[in-house]
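Open the model in a viewer and keep the sequence panel beside it. The stops below say what to select and what is there.

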Amino acid sequence: MAPKREFQVPPEMERFLCDKLVDPSQPIAERFRALFSLRNLSGSSVRDALILAMRDSSNLLAHESAFALGQIQDVEAVPALEKVLNDLSVHPIVRHEAAEALGAIGLVSTIPILRRSLVSDPAEEVRETCELALRRIEVQTSIDNGSETSSEVESPFLSVDPALPMSQNFSVVQLREVILNEKEGIYERYAALFALRNHGGEEAICAIIASLGARSALLRHEVAYVLGQLQDKAASIALSEVLKNIKEHPMVRHEAAEALGSIADHDSVALLEEFTRDPEPIVSQSCEVALSMLDFERCGKPFEFFYMQAPEVA
């Protein structure tokens, strides 16, 4: 399991963050600052704020809140995540993230609901996420029971990933074959992706970039996310093409935007500024958030609120 950062903050800071997250009058970048701060905390107030934010009118914020609940791995959030997954009025990007969060939390009791959504949800990306979550729970349960050996190695990325990486015994060439093979299951291709990410190096990054051509939008979005983690400028051109492709799934374009913000070369920044006017809110808001994060980075300040004082309460 990936290590998680957890911080203790004063109660007034926690209230400030929770209030800012759920306040629709706040700019989207400010709400994301609160969200990114809260996912390093835990407790009932944090959980309740994230659960409320999963129903926000911003699908970008709602899906990121579901992601945060999965990263925190708070079992008390499971009922709310299940309700979101079951609610077909919720945008697929949010339902997908709720399913992924259930997989990250890993309760065996969530298997029936994931199986139902696997066969009944109208969105392919949600069905594929349910398949991923089911396999993750199955693999993790086998490891916990001692019937399977974990292949997971400590990585520099502080995230609970939706699949455990394939064994280090696989070469980059073999991993490339798996991730590019359309006949492989989604879990196996994800496992190859995270193994390539952890391996690093030019050959591995080239394999990851090549998988942006996969048929699965779910896999493409995770590939863009991983390229953002790696922050390698070699991916800029490919990610830029993804962001500019208005026919691409919004969840993929959104991850490409955030990845370009992480890479932050001149051309990437100019493209992000252009696409803050994209008609798809998931994309335009992603560009806004990415540019805001860059502004803080250039000033040498953290995007999170932890090292800043909350305003005095009147």
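Start by selecting helix 4 and helix 6: Asn59, Ala62, His63, Ala66, Phe67, Leu69 and Gly70 of helix 4 meet Ile93, Val94, Glu97, Ala98, Glu100, Ala101, Ala104 and Ile105 of helix 6. Contact here means heavy atoms within 4.5 Å. By class, this contact of helix 4 with helix 6 has 10 nonpolar, 3 polar and 2 charged residues. Ala, Val, Leu, Ile, Met, Phe, Trp, Tyr, Cys and Pro count as nonpolar, Asp, Glu, Lys and Arg as charged, and the others, Gly among them, as polar.

The model is predicted: local features need pLDDT of at least 70, and side-chain atom pairs count only at pLDDT 80 or more, while totals for chains, interfaces and linings use all residues. Residues are numbered from 1 along each chain as its sequence is written, and side-chain values use heavy atoms, with hydrogens and water left out. Helices (H or I, at least four residues) and strands (E, at least two) are DSSP runs, numbered from the N terminus.

Stay on this pair for the geometry. The axes of helix 4 (residues 59-72) and helix 6 come within 7 Å and cross at roughly 5 degrees. Helix 4 therefore counts as roughly parallel to helix 6. Angles under 35 degrees count as roughly parallel, over 145 as roughly antiparallel, 65 to 115 as roughly perpendicular and the rest as oblique. Axes are lines fitted to C-alpha atoms, for helices over the stretch in contact, and angles run from 0 to 180 degrees between N-to-C directions.

Next, select Gln73, in the loop between helix 4 and helix 5. Gln73 is buried, at 16% relative accessible area. Buried means under 20%, exposed over 50%, and partly exposed in between (1.4 Å probe, protein chains only).

The crossing of helix 5 and helix 6 is left-handed; that is, the near helix is turned anticlockwise from the far one by less than a right angle, whereas clockwise would be right-handed. Val78, Leu81, Glu82, Val84 and Leu85 of helix 5 make the contact with Val94, Arg95, Ala98, Ala99, Ala101, Leu102 and Ile105 of helix 6. Of these residues, 10 are nonpolar, none polar and 2 charged.

Asn86 also lies in helix 5. Is Asn86 buried, exposed or partly exposed? At 44% relative accessibility, Asn86 is partly exposed. Beyond its neighbours within four places in sequence, Asn86 contacts Ile113 and Ser117. Ser120 is 34 residues from Asn86 in sequence and 9.9 Å away in space, C-alpha to C-alpha.

Move to helix 1 (residues 11-21) and helix 2 (residues 28-38), whose axes come within 8 Å and cross at roughly 135 degrees. Helix 1 is therefore oblique to helix 2, and their crossing is left-handed. Select Leu17, Cys18, Lys20 and Leu21 in helix 1, which meet Glu30, Arg31, Ala34, Leu35, Ser37 and Leu38 in helix 2.

Within that selection, Cys18 is buried, at 9% relative accessibility. Cys299 is exposed, at 56%. The whole structure has 0 disulfides, a disulfide being a pair of cysteine sulfur atoms within 2.5 Å. For Cys299, the nearest cysteine sulfur is that of Cys287, 20 Å away.

Finish at helix 11 (residues 202-210), where Ala204, Ile205, Ala207, Ile208 and Ile209 are buried. Their cover includes helix 9 (172-180), helix 10 (186-199), helix 12 (217-230) and helix 13 (236-244).
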